[in-house]
Amino acid sequence: MEFTLYKNSFTKEAQNLGYTEQTIKHCLNYAAVLFSNHVPIIYNTSHLSGLVGYKKEYLKKAILYPNSFYRDFQILKKNGKKREISEPLPSLKEIQLWILKNILYKVPVSPFAKAYKPNISLIENLKFHKNQPKVFTLDLENFFPSIKIQAIEKIFIGLGYSRLVSKMLSKLCTREGVLPQGAPTSPYLSNLIFKNADAEIADFCKQRKIRYTRYADDLSFSGDFDENELLTKITEIIENLNLKINPDKTKLMTPNTRQTVTGIVVNEKPQVVFHKRNELRQAMYYIKKFGFDEHREYKEINQANYLEHLLGKIDFVLQINPKDLEFIGYKAYLIDLKMKQELKLKKPDTILISKTTVLITM
């Protein structure tokens, strides 16, 4: 819809409701800014309620008592520590997804941000750093929890939303004043928060012919450069965002060592690190030799979706290197195994139907 059509339609309806000319003009000036930014026009809580399909009372409860709208659990990280996950309940998650698709995705992020963007794969983050003299990686500490609600509110205000609406939207996307690890809006919001920093870092790197990409909280640099000068500058930019670099995860990798970016080897061609591929090789060897169920029993694997889990890991290897014939073969084997398992599960139903048919016939 063109804004002229919206303007005419709104004016006619507002006049029928008895709005003053001044009020109508104020509303249309507000709407014009949002329209120009290609985001939905939202005047108040009632208006948002109609757009997302949830009652105004529900939105208010989600805003005032956010802890009642999340479930908390932990997942194990690579270093053995646990990561706290706050997953929104399905209703709140649906509202957040509406905000993500209809508002946040309309705002472009930095081209140097390679995570949490629609239709962008991990390989986009790797191809820039292949076969370089140096690879330097940094990791940000507590990335999501360090991003405060005030910064989120500024994003919505910058799009033209009123302070009231911006506060409401930012509260629906945060928990206890920070980005929750587990909300669908958190990743893209983090990209938007980091947008100016990405531009500043990229400008610094461009002047020194350094390649730069960021995958979520992992910053990667490659080329021939002074890593100390780079670290000093990046630390300054990061601290201006009230974020911190994790010193334990700062790595400088030269060609005579294994150079990795987000866990993928990039020395010559992108490849999942050897020990992860080898774990999959071993699992496939035992499955082929002794059988899938026997392998699970021997290894005491109780994971219900273990077959899908293996397929997911193999798919990841193939995402990085689609022409890996070894892992293409593993995938074909597991898909065939899955089909046989599904057919096996269907057989008892067939027998039961056959018996019932016989009884009816008799």
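**Notebook: rings, charges and a helix crossing**

I began in helix H15 (residues 325-361), where Phe327 and Tyr330 are three residues apart and therefore separated by about one helical turn. A reminder to myself before going on: this is a predicted model.

**Entry 1, aromatic pairs.** I searched the whole structure for aromatic pairs and got 16. I then looked at the pair of Tyr6 and Phe10: the ring centres are 5.9 Å apart and the planes meet at 25 degrees, so I noted this pair as stacked. The cut-off behind that call is an angle under 30 degrees. Tyr6 and Phe10 both belong to helix H1 (residues 3-16), and because they are four residues apart there, about one helical turn separates them.

Phe327 and Tyr330 are edge-to-face, with 5.1 Å from centre to centre and 85 degrees between the planes.

Are these rings buried or exposed? I checked Tyr6 and Phe10, and both are buried. Phe327 and Tyr330 are both buried too.

I wrote down two cases for later viewing. Lys134 sits over the face of Phe225, 5.7 Å from the ring centre. Lys288 lies over the face of Tyr333, and here the distance to the ring centre is 5.3 Å.

I went to Ser170, which is part of helix H8 (residues 163-172). Its relative accessible area is 0%, so I put Ser170 down as buried. What does Ser170 touch, leaving aside neighbours within four places in sequence? The contacts I listed are Ile149, Ile152, Glu153 and Phe156.

Next I looked at how helix H7 (residues 149-158) packs with helix H9 (residues 186-193): the angle is about 80 degrees and the axes are 10 Å apart. An angle from 65 to 115 degrees counts as roughly perpendicular, so that is how I described H7 relative to H9.

Where do they meet? On the H7 side I have Ala151, Ile152 and Ile155, and on the H9 side Leu189, Leu192 and Ile193. I sorted the residues of this contact by type and counted six nonpolar, no polar and no charged.

Technical notes:
Residues numbered from 1 in each chain as written. Predicted model: local features only at pLDDT ≥ 70, side-chain atom pairs only at ≥ 80, totals over all residues. Heavy atoms only, no water. Phe/Tyr/Trp six-rings, centres within 6.5 Å; stacked < 30°, edge-to-face > 60°. Helix = DSSP H or I, 4+ residues; strand = E, 2+ residues; numbered from the N terminus. Buried < 20%, exposed > 50% of the residue type's maximum accessible area, 1.4 Å probe, protein only. Lys NZ or Arg CZ within 6 Å of the ring centre and 35° of its normal. Contact = heavy atoms within 4.5 Å. Axes fitted to C-alpha atoms, helices over the stretch in contact; angles between N-to-C directions. Parallel < 35°, antiparallel > 145°, perpendicular 65-115°, else oblique. Nonpolar A, V, L, I, M, F, W, Y, C, P; charged D, E, K, R; others polar.
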